[in-house]
Amino acid sequence: MQQSNQKPQQTIHQAIFHSLQKLAKQMQPVAQLAHQATAPNEPDSIKVMIELLRQVVGGIEQVQSRLEALESRLDEPAVTKAIKGVARG
């Protein structure tokens, strides 16, 4: 009996979560620099960064919902038939 040493394939949700964790770690030094460099008459750079990250997350959520919708349609008979037709040439 052999056990497979292959990593299980990530779901879309796991891949997005992993990417967001990686992005958050990469943004920590930038956030610290931005916090230290804020001048009194400039907008709060932390708030600007947070808003940018919210927009990024919003975009990722839109992509995720579209991918989920496409994934759910893959089981439809018409889609399966169309994919087979394209694969045949």
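Arginine 73 is partly exposed, with a relative accessible area of 42%, where buried stands for under 20% relative accessible area, exposed for over 50%, and partly exposed for what lies in between (1.4 Å probe, protein chains only). The model is predicted, so that local features need pLDDT of at least 70 and side-chain atom pairs count only at pLDDT 80 or more, whereas totals for chains, interfaces and linings use all residues. Residues are numbered from 1 along each chain as its sequence is written, and side-chain values use heavy atoms, with hydrogens and water left out.

Arginine 73 forms a salt bridge with glutamate 76, a salt bridge being a side-chain nitrogen of Lys or Arg within 4 Å of a carboxyl oxygen of Asp or Glu. By this rule the count comes to two salt bridges, and the other listed pair joins arginine 54 to glutamate 51. Side chains of opposite charge can pair when their charged atoms come close. Arginine 54 and glutamate 51 are three residues apart in helix H2, and therefore about one helical turn separates them. The table sets out both pairs.

| Pair | N to O distance | Relative accessibility of Arg | Relative accessibility of Glu |
|---|---|---|---|
| Arg54 and Glu51 | 3.8 Å | Arg54, 56%, exposed | Glu51, 37%, partly exposed |
| Arg73 and Glu76 | 4.0 Å | Arg73, 42%, partly exposed | Glu76, 35%, partly exposed |

The protein chain holds three helices and zero strands, and read along the sequence it follows the pattern α-α-α; helices (H or I, at least four residues) and strands (E, at least two) are DSSP runs, numbered from the N terminus. Of the 89 residues in the protein chain, 7% are buried. The accessible surface of the protein chain comes to about 8200 Å², with 58% of it belonging to carbon and sulfur atoms, as computed by the Shrake-Rupley method with a 1.4 Å probe, where for residues only the protein chains shown count as cover.

Leucine 67 lies in helix H2 and is partly exposed at a relative accessible area of 36%.

The largest pocket has a volume of about 160 Å³, and of the 10 residues that line it, the closest to its centre are Leu23, Ala24, Met27, Met49 and Leu53. On a 1 Å grid over the protein atoms alone, a pocket is an open set of points where a 1.4 Å probe fits, with protein on both sides within 12 Å along at least five of seven lines, and lining residues have an atom within 4 Å of a point. Grid points are joined across faces, edges and corners, and a volume is the space filled by probe spheres set on the points. Helix H1 (12-36) and helix H2 (45-73) each supply at least two residues of this lining.
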